[in-house]
Amino acid sequence: MKALFTDEAETRGIVVRVSVSYLPEQSEPQRGRWFWAYHIRIENKGPFTVQLLTRHWVITDGRGARHSVEGEGVVGEQPMIEPGASFDYVSGCPLSTPTGYMQGSYHMIGEDGAAFDVAIPKFALTAPAVTG
């Protein structure tokens, strides 16, 4: 199955692509809970192997409330990504509103010892059949 990546950002040859899916089976709108899965692909188009060390997310719900999440690696890993290679993972995000968005950055280090931040593009979390 090929994911439909709807958002992407590139920083220093590292491309971050995002695909989002609303998960109705894990959502309970009557209880104020909506849930999405997001598929991230990190592609290394640069000349050096890089390692993803930490992540920083800013999650904003439909009321404008912001929640910041920081931690080591992604899905329990701190992947090494060689030139021309990519790393994919899937994670999830619950919200207390039917809409919102996420954005953030990964902190990486290159084999040359240079540390840098890679942008994660802003992407929308939108439940279907939301009327405003």
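The following questions and answers examine a predicted model and the reasons behind some of the terms applied to it.

Q: Why is Arg12 called exposed?
A: Its relative accessible area is 53%. The term exposed requires a value over 50%. Arg12 therefore counts as exposed.

Q: Why is Val75 called partly exposed?
A: Val75 has a relative accessible area of 44%. Buried means under 20% and exposed means over 50%, with partly exposed in between. The value for Val75 falls in between, so the residue is partly exposed.

Q: What is stated about the phi of Arg12, and where does Arg12 lie?
A: Arg12 is not a glycine, yet its phi is positive, at about 50°. The residue lies in the loop between strand 1 and strand 2.

Q: What is stated about the phi of Val75, and where is its place?
A: Val75 is likewise not a glycine, and its phi is positive, at about 40°. Its place is in the loop between strand 5 (66-72) and strand 6 (80-81).

Q: How do you know that strand 1 and strand 2 pair?
A: Five bridges join strand 1 (residues 7-11) to strand 2 (residues 14-22). Pairing requires at least two bridges, so these strands pair. They run antiparallel, and Glu10 stands opposite Val15 in strand 2. The two strands form a hairpin with two residues between them.

Q: How do you know that strand 3 and strand 7 pair?
A: Ten bridges link strand 3 (residues 34-44) with strand 7 in the antiparallel sense. At least two bridges are needed, and the strands therefore count as paired. Glu43 has Ser86 in strand 7 as its bridge partner.

Q: What makes strand 1 and strand 7 stand at the edges of the sheet?
A: The open sheet has four strands in the order 1-2-3-7, with antiparallel pairing. Strand 1 and strand 7 each have a single partner strand, so one side of each is left without a neighbour in the sheet. Neighbouring strands of this sheet are turned by 20° against each other on average, direction ignored.

Q: Which residues are closest to the centre of the largest pocket?
A: The largest pocket has a volume of about 160 Å³. Of its 13 lining residues, Tyr38, Arg55, Trp57, Val69 and Ser91 are the closest to the centre. Strand 7 gives the most to the lining, with four residues.

Q: What makes up the lining of the largest pocket by class?
A: Nine residues are nonpolar, three are polar and one is charged. Arg counts as charged, and Arg55 is in this lining; Arg55 is therefore its one charged residue.

Note on methods
Residues are numbered from 1 along each chain as its sequence is written. This is a predicted model: local features need pLDDT of at least 70, side-chain atom pairs count only at pLDDT 80 or more; totals for chains, interfaces and linings use all residues. Side-chain values use heavy atoms; hydrogens and water are left out. On a 1 Å grid over the protein atoms alone, a cavity is a set of points where a 1.4 Å probe fits but cannot get out, and a pocket is an open set with protein on both sides within 12 Å along at least five of seven lines; lining residues have an atom within 4 Å of a point. Grid points are joined across faces, edges and corners, and a volume is the space filled by probe spheres set on the points. Axes are lines fitted to C-alpha atoms, for helices over the stretch in contact, and angles run from 0 to 180 degrees between N-to-C directions. Buried means under 20% relative accessible area, exposed over 50%, partly exposed in between (1.4 Å probe, protein chains only).
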